[in-house]
Amino acid sequence: MYNEIDLDKIDMNAEPPAEEPARQYYFMAKCREWVQEFERIHGGGPTACIQTFGCQMNAKDSEKLAGILVAVGFDETNSEDADFVLYNTCTVRENANQRVYGRLGQLGVIKKKRPDMIIALCGCMMQEKEVVDKIKASYRFVDLIFGTHNIFQLPELLCRCLMRENPKKLVAEIWDGTDKIVESLPAERKYAFKSGVNIMFGCNNFCSYCIVPYVRGRERSRNPKEIIREIEMLVADGVVEVMLLGQNVNSYGKTLTNPISFAQLLQLAEQVEGLERIRFMTSHPKDLSDELIEVMKRSKKICPHLHLPLQSGSSRILKQMNRNYTKEQYLELAAKIKNAIPEISLTTDIIVGFPGETEEDFQETMEVVEKVGFDSAFTFVYSIRTGTPAAVMDNQVPEDVVKERFDRLLKQVQTTSAKVSGRQVHTVQKVLVEEVNSHDSRLLTGRLENNTVVHFPGEPQLIGTITQVFLDEFKGFYYMGTIVQDREER
């Protein structure tokens, strides 16, 4: 975590500043006054629980939210029986909304026992008017709502919530959009040795099945100097790996006053001393450039892993999805990447059962999976997402047909990935050690440069280091290995 402004030096008798982030630090200091009074009354600080739903962008937002709360004086907890509970929501699929509603119902039971607790909701789901209306009508115990565009406003909104005269009055602040990017607020990282770094926000692609552009807004790229500054600060704090995050990283830089390409940003990041690994996601095939492939080919820090969503192998369905590439263009791009970087791991996303998908369309998807040879694929059953063009398309595919196709695709993916993803067995590879194995405390778990998981015996003090590991056996989705030094000492 880092603070740009010392909260103790803020003049609380002055009016709150108009400019950001100074305004939010002012309200952080004001919230801390409330925390200090809480400590005096209760003999300890208030607890805060953040539950994150959805993608890595949401996870990164939650680190920022946690950083603010910790700076104010809240103690983090995993228990929802806390003084402040915040759900950072996802709305990419309808069932994500239902999951939040279910959890909210359980939270309401807790609040009946402790009415002073504060319940807050933020994130993508809150950008939908019908969702906010439902919460106001059916979940009146919720205290605070804000959206994706004003995540940075948590201190100000929390202050309004804490200082309200009527404790049952909902504080809600939802922005329709913004061009504002607020830098230099604190963050509380989940891992000491790796971190996500937002390079852009929003999306301009409007794929017909996707709600993201409507809830996260149009593309906004961060200033490259601010990105590199953040990476340098992370490295100084012990980070060895960064993941550059955006809905479509390949279009980074287009909205800047002085545009630069994503490949050029990667070259700047490579120059940060002490940084060992660079990852990024997600890439859109239509924007992936020859320049990026060449930079990845030459790089000693950019990990040889590329997540390149296919979504469908049928050019007809891809057009309906508004993906702006064809099956042939995708195959040509995948071949170009593999020819340039033979060791690369290609992973993908595939949707089964998009409206109007025929058996012939599905067979084309199976053909692409076979030809490309993905290391792994995230496969999804299409589900209607209200608010997207695909939701009102004719020819919705029957559920039983979709399930049968999904099962066939899953088998195909497993068969083809088994041929390629275990190719490093019986070699020595660098592994970033991430944690003690959750199923066997004698093992450590880490990742190769190509993002494949490895389990191996080792001591916890290795967590956060990059260690040489011999890959003894491939188990289909992961390797079992032995630390090289341990192997040599036997």
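Here are a few questions and answers on this model.

This is a predicted model, so to speak: local features need pLDDT of at least 70, side-chain atom pairs count only at pLDDT 80 or more, and totals for chains, interfaces and linings use all residues. Residues are numbered from 1 along each chain as its sequence is written, and side-chain values use heavy atoms, with hydrogens and water left out.

Q: How many disulfides does a search of the whole structure find?
A: A disulfide here is a pair of cysteine sulfur atoms within 2.5 Å. C122 has its closest cysteine sulfur in C124, 9.3 Å away, which is too far for a bond. C124 is in no disulfide either, with the sulfur of C90 nearest at 6.2 Å. The search total is 0.

Q: Is C122 buried or exposed?
A: Buried means under 20% relative accessible area, exposed over 50%, and partly exposed in between (1.4 Å probe, protein chains only). C122 has 0% relative accessibility, so the label is buried.

Q: What span does helix α1 reach from its first C-alpha to its last?
A: Helices are DSSP runs (H or I, at least four residues), numbered from the N terminus. The expected span is 1.5 Å times one less than the number of residues. Helix α1, residues 22-42, has 21 residues, and its reach is close to that expectation, at 30 Å.

Q: Which helices are included in what covers the buried residues of α1?
A: Those buried residues include Y25, M28 and F38. Their cover includes α2 (56-72) and α5 (154-163).

Technical notes. Helix = DSSP H or I, 4+ residues; strand = E, 2+ residues; numbered from the N terminus. Contact = heavy atoms within 4.5 Å.
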